Amino acid sequence: YCKYGGAGNVSIENGLNREVSISSSRSEAKYICLSDSMMRETPWRGAGVAIPMFSVRSECDLGVGEFLDLKLLVDWAVASGFHLVQLLPINDTSVHRMWWDSYPYSSLSVFALHPLYLRVQALSKNIPKEIKEEIEKAKQQLDLKDVDYEATMAAKLSIAKKIFDLEKDVILNSSSFKEFFAENEGWLKPYAAFCFLRDFFETSDRTQWGCFAHYSEDKLEKLVSKESLHYEIICFQYYIQYHLHLQLSEAAEYARKRRVVLKGDLPIGVDRNSVDTWVYPNLFRMNTSTGAPPDYFDKNGQNWGFPTYNWEEMSKDNYGWWRARLTQMAKYFTAYRIDHILGFFRIWELPDHAATGLVGKFRPSIPLSQEELEREGIWDFNRLSRPYIRQGLLQQKFGAAWAFVATTFLNEYEKNCYEFKEDCNTEKKVVSKLKSCAESSLLLESEDKLRRTLFDLLQNIVLIQDPEDPRKFYPRFNLEDTSSFKDLDDKSKNVLKRLYYDYYFHRQENLWRENALKTLPVLLNSSDMLACGEDLGLIPSCVHPVMQELGLVGLRIQRMPNEPGLEFGIPSQYSYMTVCAPSCHDCSTLRAWWEEDEDRRLRYFKNVVESDELPPDRCTPEVAHFVIRQHVEAPSMLAIFPLQDLLALKEEYTTRPATEETINDPTNPKHYWRYRVHATLESLNKDTELKTIIKDLVRWGGRSFPPDETEVSSSSASGSNSDKERLASAMEKISLPSK
C-alpha cells in the first residue's frame with residue numbers, strides 16, 4: 001500500500017502486510033477501525049556507488065581521476081538517488097616510483113595523500129600561459145583507455161614543481177599553510193624526509209640508506225632543516241600534501257552539503273618499505289609477511305607482502321598509531337571500510353622468504369605442541385615438517401626432465417629421498433635461482449611451469465614448525481591434498497585430520513574473540529565515522545557475534561555467500577547490519593561474472609530467477625536490472641554498487657569487453673590497477689535516462705535518497721522541519737551502530 005509520510009509525501013511502506021481479522025458473522029459491526037500509526041518506523045536504508053578514485057574520468061582530469069572530480073561524482077550520485085560514494089584507499093603508495101605503485105593497498109604512508117589525485121590546474125590562479133599549454137598537451141596525451149601510472153605521475157609532478165617554483169614563497173608563508181603544517185608536522189616531516197631519501201638513494205629499501213637506515217628524531221631534524229641544501233625538495237613535498245588536503249577537503253565539504261557520505265577504505269597493511277615501518281619499526285614484525293589462506297579469491301592463498309603487526313607493542317600506548325590513522329581519515333570521510341577485518345581477530349602470517357600464501361599460520365593462535373603430538377602417537381617431525389620428496393614423485397611431476405631437476409635443485413640425502421639445496425630451499429630462493437638459470441639458458445621447460453612445480457614440492461609438508469620455537473607446530477592448510485599426507489598410515493592420517501579441524505575451527509575461537517575485542521573498539525572510538533567490516537573469506541565462527549556486539553556493519557556479496565551449502569546468497573534474507581553488493585573490486589564485474597561461466601549462469605537463472613528458460617549469454621540491461629533490484633530491496637542498511645555494474649543497466653555503456661572492467665586480480669600480486677571508466681562524469685550527469693532508471697530502483701526498493709539541489713536550497717532557507725532535518729535524523733540513525 002502507499003502510505004503518507006511527512007510533508008504530504010507518498011511512498012511505498014516496507015515490511016509485512018498489515019492484517020486485520022474480520023468475523024463473517026452478519027450481526028457484528030460493518031465498520032472496523034484499526035489504528036497502528038500512519039507509517040511504520042523502519043530502519044534507515046540507503047544506497048551508494050563504489051569506484052576507485054583512479055578509475056574516474058572527467059573532462060578536466062589529467063590522465064586519472066582527481067579529488068576535485070568527486071564533486072561531479074557527488075552530483076551524479078544525488079541525481080541517481082545515492083546517499084554514498086565509496087572509494088578505494090587514497091594514500092600515497094609511491095614506494096617503487098613505477099607502475100607497481102598502482103596497488104592502492106600498499107601504503108608508503110598511512111597519513112599522506114597520493115599525488116596522483118592532484119589537480120595541477122587548481123594549484124594557482126596565476127599559472128603562466130606556457131604551463132597552461134603544457135597541461136593541455138599532457139591532458140591530450142594521457143586521455144587513454146586505461147591509466148598510464150608512470151607517465152601521469154611524471155607529468156603531474158613536473159608541472160607541479162614548475163608552479164611551486166613560482167609561488168613557493170607566497171604559499172609557504174601563508175597562514176593557511178602554516179596552520180596545515182602545525183596540525184600535521186608529526187607525520188609530514190618524516191614523510192618528506194623519506195621521499196627525499198628514497199629519491200636520493202633511488203630506492204625505498206632503507207637498508208641501502210647508510211646512516212639513515214635507522215630513524216631518529218635528531219636525524220629527522222637534520223634532514224628537514226631549513227639550513228640543509230635540499231630544503232626546497234622537502235618543502236615541495238609539504239606543498240603537494242597541502243594542496244591535496246585543500247582539494248580533498250573541498251570535495252568532502254561539497255559532499256556534506258549535498259547530503260552524500262564519502263566512504264573511505266582502511267587498508268589492513270602497510271608496505272614493508274614505508275615511512276611507518278621506518279619511523280615505528282617496533283610496531284611491525286619485519287621478518288614476516290601478511291596474506292590470506294586459500295579462499296574464494298585464490299585457491300593457493302594470497303601473500304600481500306606487508307609485515308604483520310606487533311600488537312603487544314601497539315597496545316602499550318593504547319594503539320596510538322591506529323587512533324592517529326582514524327583521526328586523519330575522519331577529516332575527509334563520514335564512513336569507512338575496514339579492509340580484511342579478519343586481521344583484527346587473527347592474521348595469516350607467512351615467513352618473509354615465502355612468495356605465495358599457502359604455507360602460513362594464524363597469528364595469534366594456539367599451536368600443536370610437540371608433547372601433544374607425541375601423546376597422539378605423532379613423533380617423526382622431520383618427516384612431517386620437511387618437504388616430502390621421493391624419486392617417484394619427481395618422475396611423476398617432471399617426466400623425463402626429473403634427473404635435470406634433481407641435479408639442479410636437490411640433494412639426495414638417502415636412496416630415492418631428496419631435499420632442496422641451500423640456495424633454493426625457500427620460495428624466494430627458487431625464484432632467484434630460476435631467474436639465473438633462465439639467463440644462462442639452462443632451463444628445459446618454461447620458467448613459470450617449473451616454478452609452480454618446485455613450489456608444489458616445497459609445500460609438500462604436513463606440519464609447519466614454528467621458526468621461533470621448534471617444539472611448536474601448525475597444520476599446513478589443506479594438508480590432505482599433499483602426497484606427504486597421503487603416504488602416511490591410516491592411524492596417523494586420522495589423528496592429523498582431527499588435530500587439523502581442531503586447530504582451524506575450534507581451539508582458537510576464544511583467543512581470536514579476545515584479540516578482536518582489544519583492538520576493534522579502539523578503532524571505533526577514534527572517530528564518529530560509520531565502520532563497515534570486509535568480512536569475506538574463511539570466516540571463524542567468532543567473527544559475526546563480535547561484529548554484532550560492536551555494532552559493525554558486515555559485507556555481503558551474492559556470489560560469495562556466508563551460509564554453507566549455498567552457491568548464491570539470498571539478498572532478501574540479509575540482516576540489517578550489512579552492506580550488500582553484487583560485486584566488488586576484488587572480483588569480476590556483474591557483466592564479466594555473468595558471461596564467463598555458462599553452467600553457473602544456468603544455475604543462477606534456475607535457482608535465483610526461478611526460470612527454466614535459457615538465460616541470455618550476455619548480461620543484458622534486463623539481467624542487470626534484476627540483480628540490482630534484488631539488492632536495493634534487501635533489508636541491508638546499505639546497498640552499494642560498483643559503477644561498472646550500474647552502467648550495465650544501459651546498452652550503450654556495454655560496448656567495452658566486460659573483462660576489461662575488472663579492477664583487481666587477487667591471484668596476481670603484480671596486477672596493474674589501471675581501469676578507467678570509459679564515460680566522463682560530465683556525460684553521465686547529462687544522461688537523464690540512466691539516472692532515472694537508477695533512482696526508480698532506489699525509490700521502489702524503499703531506500704532513502706538525498707534531496708536534489710533545489711530541495712536542499714529551499715530547506716536551507718526555510719529552517720523548518722524539512723528534508724534537511726529528516727536527513728540529519730536519518731544520518732544519526734546510520735551512525736548509531738558504530739558506537
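The talk below goes through how some features of this predicted model get their labels.

Trainee: What should I keep in mind about this model?
Mentor: It's a predicted model, where local features need pLDDT of at least 70, side-chain atom pairs count only at pLDDT 80 or more, and totals for chains, interfaces and linings use all residues. Residues are numbered from 1 along each chain as its sequence is written, and side-chain values use heavy atoms, with hydrogens and water left out.

Trainee: How many helices and strands are there in the protein chain?
Mentor: The protein chain has 27 helices and 22 strands. Those are DSSP runs numbered from the N terminus: helices are H or I with at least four residues, strands are E with at least two.

Trainee: Why is helix 4 called oblique to helix 6?
Mentor: Look at the angle: the axes of helix 4 (residues 175–201) and helix 6 (residues 231–257) cross at roughly 125° and come within 9 Å. That angle makes helix 4 oblique to helix 6. Under 35 degrees would be roughly parallel, over 145 roughly antiparallel, 65 to 115 roughly perpendicular, and the rest is oblique. The axes are lines fitted to C-alpha atoms, for helices over the stretch in contact, with angles from 0 to 180 degrees between N-to-C directions.

Trainee: Which residues make the contact of helix 4 and helix 6?
Mentor: Among them are Phe177, Phe180 and Trp187 of helix 4, and Ile233, Tyr238 and His245 of helix 6. Contact here means heavy atoms within 4.5 Å. By class, the contact of helix 4 with helix 6 has 15 nonpolar, 4 polar and 1 charged residues.

Trainee: What makes helix 12 roughly antiparallel to helix 15?
Mentor: Helix 12 (residues 391–398) and helix 15 (residues 447–458) pack at about 155°, their axes 11 Å apart. With the cut-off at over 145, that makes helix 12 roughly antiparallel to helix 15. In this pair, Leu393, Leu394, Lys397 and Phe398 of helix 12 meet Leu450, Thr453, Leu454, Asp456 and Leu457 of helix 15. That contact has 6 nonpolar, 1 polar and 2 charged residues.

Trainee: How do you know that strand 17 and strand 18 pair?
Mentor: Two strands pair if DSSP finds at least two bridges between them. Strand 17 and strand 18 (residues 469–475) have 4 bridges, in the antiparallel sense, so they pass that test. Leu463 has Pro475 as its bridge partner in strand 18, while Asp466 stands opposite Asp469.

Trainee: What makes strand 13 and strand 17 edge strands?
Mentor: The open sheet has 3 strands in the order 13-18-17, with antiparallel pairing. Strand 13 (368–369) and strand 17 (463–466) each pair on one side only. Helix 17 (residues 490–505) packs on that sheet, touching strand 13, strand 17 and strand 18, and its direction makes about 90° with that of strand 18.

Trainee: Which way do the residues of strand 19 point, and are they buried or exposed?
Mentor: In strand 19 (residues 530–533), Leu530 and Cys532 point one way, Ala531 and Gly533 the other, and all are buried. Buried is under 20% relative accessible area, exposed over 50%, partly exposed in between (1.4 Å probe, protein chains only). Strand 10 (residues 335–338) runs parallel to strand 19, joined by 4 bridges, and Ile338 stands opposite Gly533.

Notes:
Ala, Val, Leu, Ile, Met, Phe, Trp, Tyr, Cys and Pro count as nonpolar, Asp, Glu, Lys and Arg as charged, and the others, Gly among them, as polar.
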